[in-house]
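Welcome! Have a look at the structure below, and then let us walk through it together.

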Amino acid sequence: MNKITGLQEAFREAKAVYFTTFHEGEERSRLMTNYNNDPYGMMWFPTKRNTRKAGDIEKNPKVLITFPSLDEGAYYEIEGRAEFEDDSVIAEKWRWWYLYWHPSQKRRFWFPATRKDPNRLIINVYPQSARLVSKD
């Protein structure tokens with residue numbers, strides 16, 4: 001993937017990114033928490049199988065990850081290919097994600113990392129290209 005000045009720094013700063021899927025020519029965007037540090041490597045996003053984004057990816061693996069540049073008036077867009085993670089990895093990452101969002105539940109955490117839940121899902125995104133877009 002092409003290296004772009006400022007991309008890595010802005011990506012690390014972005015705690016939320018727009019995650020865009022495609023359905024019958026329509027773009028569908030939503031905010032997703034960014035757990036990733038490297039915009040040039042595989043990125044992962046926890047979700048549920050019964051979401052619209054998962055259905056979109058099953059039909060079309062193209063996705064866009066969009067986040068602001070550190071310079072006003074511009075943003076970065078990473079185009080990638082999405083696929084779903086294996087169940088064993090989902091169990092471990094999902095446990096971590098759940099505790100991140102629900103830290104008060106740590107002592108009452110009720111499902112072990114190895115418990116299978118068919119609705120848990122991790123989307124892996126493999127970046128293919130990136131660009132800096134000016135709003136002007």
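## Some ground rules

Two strands pair if DSSP finds at least two bridges between them. Helices (H or I, at least four residues) and strands (E, at least two) are DSSP runs, numbered from the N terminus.

This is a predicted model, in which local features need pLDDT of at least 70, side-chain atom pairs count only at pLDDT 80 or more, and totals for chains, interfaces and linings use all residues. Residues are numbered from 1 along each chain as its sequence is written, and side-chain values use heavy atoms, with hydrogens and water left out.

## The overall plan

The protein has three helices and six strands.

Of the 136 residues, 45% count as buried, meaning under 20% relative accessible area with a 1.4 Å probe and protein chains only. Contact means heavy atoms within 4.5 Å; among contacts between residues at least 6 apart in sequence, 69% join residues at least 24 apart.

Why is strand E4 largely enclosed by the rest of the structure? Five of the seven residues of E4 (residues 62-68) are buried, so the strand is largely enclosed.

E4 runs antiparallel to strand E1 (residues 16-23), and three bridges join the two. Here Tyr-18 has Thr-66 in E4 as its bridge partner.

E4 is also joined to strand E5 (residues 74-84), by seven bridges, and this pair runs antiparallel too. Leu-64 stands opposite Glu-79 in E5. The hairpin of E4 and E5 has five residues between the strands, and Gly-73 takes a positive phi near 85° there.

Definitions and conventions
Buried < 20%, exposed > 50% of the residue type's maximum accessible area, 1.4 Å probe, protein only.
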